[in-house]
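Here's a quick briefing to read alongside the model.

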Amino acid sequence: MTDQTGRQYNTVFGSLDHYNKGGVEVISDNPKYYAFSNMFEVASAARPYEKVAVAKNLEYVLEVIRAEGTSEWRATPHDEFALVMDGSVEIELFDPEEPLVDPDASGSIGLDGQPDGNPMGRVQAGQGHMTLLPAGKAYRFHSDGVAVVLLQTIEGPDTVYRWADICQTV
């Protein structure tokens, strides 16, 4: 494609099977102020449905999730956003009869089985699709293959930090 100035460019979408790691080149600053990780590389080394933080801003985090098979049911006291970066994910939403999480808590929590309540529907999300996971509701993911989900959320009890293992810091 060509931009408005006549320069040629090519957009390349990464995937779990094909990505360029990239990196940070610090020109005139201290490298300790920068970190870089690649979500596909993180997902390739993660366990299914492990929530690995790849970015953080105050209490907010972006977590990479390797979707493979069916996840446990989860509930969150705040909205979360699931962006499918690779593959296909079915997201099942459920409206519980009674509150499942403390409204003042942070992050999602795993549930013991399907909660009592009413099904809200399913979302079939492919690469580039974003789904709202609403506050106070329950959800679970399913992927017949392997998919990569980037979850925007608030740091919670299941957020896994592996900065030393996943980040380029120099």
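Let's start with Trp73, which counts as buried at 4% relative accessibility; buried means under 20% relative accessible area, exposed over 50% and partly exposed in between, with a 1.4 Å probe and protein chains only. Keep in mind that this is a predicted model, where local features need pLDDT of at least 70, side-chain atom pairs count only at pLDDT 80 or more, and totals for chains, interfaces and linings use all residues. Residues are numbered from 1 along each chain as its sequence is written, and side-chain values use heavy atoms, leaving out hydrogens and water.

**Aromatic pairs**

- Searching the whole structure turns up 4 aromatic pairs; rings of Phe, Tyr and Trp (its six-membered ring) pair if their centres lie within 6.5 Å, and planes under 30 degrees apart count as stacked, over 60 as edge-to-face and the rest as tilted.
- One of them is stacked: Tyr49 and Phe141 sit 6.3 Å centre to centre, with 5° between the planes.
- That pair links distant parts of the chain, 92 residues apart: Tyr49 is in the loop between helix H1 (39-45) and strand S1 (51-57), and Phe141 is in strand S9 (residues 138-154).
- Tyr49 is buried, at a relative accessible area of 16%, and Phe141 is buried too, at 3%.
- Trp73 pairs edge-to-face with Phe94, at 5.5 Å centre to centre and 65° between the planes.
- Trp73 lies in the loop between strand S2 (60-70) and strand S3 (74-75) and Phe94 in strand S5 (residues 88-96), so this pair ties together parts 21 residues apart in sequence.
- Phe94 is buried, its relative accessible area being 3%.
- There's also one aromatic cluster, formed by Tyr49, Tyr139 and Phe141.

**Strands S4 and S8**

- Strand S4 (residues 80-86) runs antiparallel to S8, joined by 4 bridges; two strands pair if DSSP finds at least two bridges between them.
- Phe81 stands opposite Leu132 in S8.
- On strand S8 (residues 130-133), Thr131 and Leu133 make up the covered face, while Met130 and Leu132 make up the uncovered one.

**The whole chain**

- The protein chain has 2 helices and 10 strands; these are DSSP runs numbered from the N terminus, with helices (H or I) of at least four residues and strands (E) of at least two.
- Of its 170 residues, 36% count as buried.
- Among contacts between residues at least 6 apart in sequence, 77% join residues at least 24 apart, where contact means heavy atoms within 4.5 Å.
- The C-alpha trace spans about 55 × 35 × 30 Å along its principal axes.
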